[in-house]
Amino acid sequence: MIIDLSQSINSDIKLYPGSPNVSFLKWSKYSIDGYDSEAIFLSTHTGTHMDAPSHFIKGAEPIDILDVNRFVMSNVHLLKISKSSNQLITTEDIINSDTDIKENDSIVFSTGWEHNYNSDDYMSSNPGLSPEAATYLSNKKINAVAIDSPSIDS
């Protein structure tokens, strides 16, 4: 089963402070060109997105050379760990979830933060993953981590 976690991209989508507004530019018209198309201008961090290793590590792999199969996560664990504004998911939270995490598994954290999408602090006060928990998951050699907030870090 495939579950699509992506948000719709539109001109009203929440943006990280300082990111450019999403713009849809009419490129062609069916009545003139025989087809309709648009150009879209947005930051690579708009809506649901993947951070490549190069986003955080100088010289690491950019998104376009990663194996596309990594993005269709096959063995995924959903960890429901409720967190509030600026709270961190800890190693203890992960261990206490009683989830048997193996190499190449993917983790999706459900903190409940998605319910704050319409709040003013949605983009600036989100929960995230503690550095120790990130190290713990890295040592387990997992494939990917996802979270229901705008960023994996608070």
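This is a predicted model: local features need pLDDT of at least 70, side-chain atom pairs count only at pLDDT 80 or more; totals for chains, interfaces and linings use all residues.
Close-up 1. Residues are numbered from 1 along each chain as its sequence is written, and side-chain values use heavy atoms, with hydrogens and water left out. Lys14 lies over the face of Tyr117, at 5.9 Å from the ring centre; the criterion is NZ of Lys or CZ of Arg within 6 Å of the centre and within 35 degrees of the ring normal.

**Close-up 2. The cluster of Trp113, Tyr117 and Tyr122, linked by ring pairs.** Rings of Phe, Tyr and Trp (its six-membered ring) pair if their centres lie within 6.5 Å, and count as stacked under 30 degrees between planes, edge-to-face over 60 and tilted otherwise. Trp113 and Tyr122 are stacked, because their centres are 6.4 Å apart and their planes at 10°, while Tyr117 and Tyr122 are edge-to-face, at 5.1 Å centre to centre and 65° between the planes. Tyr122 is buried, with a relative accessible area of 5%, and Trp113 is buried too.

**Close-up 3. The buried residue Asn126, with a relative accessible area of 3%.** Its side chain has a polar contact of 3.5 Å with that of Ser149 and reaches the backbone oxygen of Ser151 at 3.3 Å; such a contact is a pair of N or O atoms within 3.5 Å, where within protein one must be able to donate a hydrogen and the other to accept it, and residues adjacent in sequence count only if both atoms are side-chain atoms.

Conventions: Buried means under 20% relative accessible area, exposed over 50%, partly exposed in between (1.4 Å probe, protein chains only).
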